[in-house]
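Reader: I am new to this structure. Please take one part for a close look, and then connect it to other parts.

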Amino acid sequence: MSSLRARMHDRMAERARSNGEFERAIQMLMQANRRSPSPERERLLLRLRNEAFHRLPQCASAAWPPSHSDRFAHVDGVPEISADQLSADAVRAGVFGRGALIVRGLVPHHDVEMLAADVDQAFAAYDRSRHGKRVDPADPWFAPFEISGEHAPAEHPRRWIRAGGGVYAAESPRAMFHLTDVLERAGITRLVETYFAERAALSVLKTTLRIVEPDASVGAGWHQDGAFLGAGVRSLNLWVALTACGRHAPGLQMVPHRIDQLVNAGTGGAAFSWSVDTERLREITGGVEPAWLEFEAGDVVFFDELNLHSTATRPGMSQRRKAIEAWFFAASHYPFDRVPLLV
Ligand SMILES: O=C(O)CCC(=O)C(=O)O
């Protein structure tokens, strides 16, 4: 019965696609896949999301930075709210007023369990591949997302990402299907559009499944993601903890105030061209200790390309941490080399 219904939705998707109705085709395929998951359909969904982005009608972008309340002005550290207090204004007030906003318990327990298991599957499938070349075409957990055209990178960065404890979510079609489904069901996709006041896209080359080992040093540099993305983008990262972290497993550290521009990176003793050394960090924070964040599975933190943060490890940690960073961009200011997927 469910595969009959799925086939009906597949046919409706095919018709919508041939009429140029990409977004309807995506909705039909999502419905079909909820009933009867298929690796081919999950790969098709990724291609359609990319095509649908390029067919969006041009529309005026909203005034930026957006206006917001100052509800967190007197909070110490990174402000936090519970899931039932979440609104686009709260995210704007957190991100533009204080650099970030933590939302406790936003992703329901069963979705967290599913996404955490997806991360393991995606890493295992990637590691079974030959450096990113798929060995099993029927494997839903790893399928290279090949990028062609003027924005194609000279070398696909997936190996570098894997070495740093990441696998691109879009290279794990089943995980990406689950992620987009969770975001839609939890109302996060709609919230992000309200935040930008326009359509939003996730990025193939930024949205990452992460496993951080207790003694991780890779990726531990203080950085703003704008150092990779360039100036002038409109981004929002939804960082989701899939396991408890900050005490026994690596969490995040953050500068708990808004920084309005890209700071000079790669200076002094900085380990990377994109990272900031502790001396520069002290100048930026005025000597105030950055916030050390602790999360339970299902907690999230929203921040953008100007937030200065670092993976947080300390001696004696004994557990690994799983997380997803899901980078959204406003359609009108998309950094095209990051490869868009309409949500
Ligand atoms: O998960 C981490 O430890 C690093 C996350 C990060 O740097 C980011 O989301 O930009």
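Author: A197 sits in the loop that joins α8 (188-196) to β4 (200-203); helices (H or I, at least four residues) and strands (E, at least two) are DSSP runs, numbered from the N terminus. The model is predicted: local features need pLDDT of at least 70, side-chain atom pairs count only at pLDDT 80 or more, and totals for chains, interfaces and linings use all residues. Residue numbers start from 1 along each chain, as its sequence is written.

The backbone at A197 has a positive phi of about 60 degrees, although A197 is not a glycine. Most residues other than glycine have a negative phi, and most peptide bonds are trans. A197 counts as partly exposed because it has 16 C-beta neighbours inside 10 Å. The scale behind that word uses C-beta atoms placed from the backbone: a residue is buried if 20 or more other C-beta atoms lie within 10 Å of its own, exposed if 12 or fewer, and partly exposed in between.

V339 also has a positive phi of about 60 degrees without being a glycine. V339 belongs to the loop between β13 and β14. V339 is buried, because 24 other C-beta atoms lie within 10 Å. F336 is placed in the loop between β13 and β14 (340-342). F336 is exposed, because it has 12 other C-beta atoms within 10 Å.

A backbone feature of another kind is found at W64 and P65, where the peptide bond from W64 to P65 is cis, with omega near 0 degrees. P65 lies in the loop between α3 and β1 (80-82).

Next comes the ligand. Its shell draws at least two residues from each of β5 (208-212), β7 (235-241), β12 (309-312) and β13 (321-330). There are 11 residues around the ligand, and R210, D225, T311, A323 and E325 come nearest; a residue is near a molecule or strand if its C-beta atom, placed from the backbone, lies within 6 Å of it. The shell has four nonpolar, four polar and three charged residues. In these classes, Ala, Val, Leu, Ile, Met, Phe, Trp, Tyr, Cys and Pro count as nonpolar, Asp, Glu, Lys and Arg as charged, and the others, Gly among them, as polar.

N237 is in strand β7. N237 is buried, because 23 other C-beta atoms lie within 10 Å. Apart from its neighbours within four places in sequence, N237 is in contact with D225, F302, F303, D304, E325, A326 and W327; contact requires that the C-beta atoms of two residues, placed from the backbone, lie within 7 Å. The C-alpha atoms of N237 and G97 are separated by 16 Å, and the two residues are 140 residues apart along the chain.

F302 leads on to the largest nonpolar core, which has 100 residues, with A122, A201, V301 and F302 making the most contacts inside it. Such a core is a set of buried Ala, Val, Leu, Ile, Met, Phe, Trp, Tyr and Cys residues joined through C-beta atoms within 7 Å. With residues up to four places away in sequence not counted, V301 touches A100, L101, I102, W239, L252 and L293.
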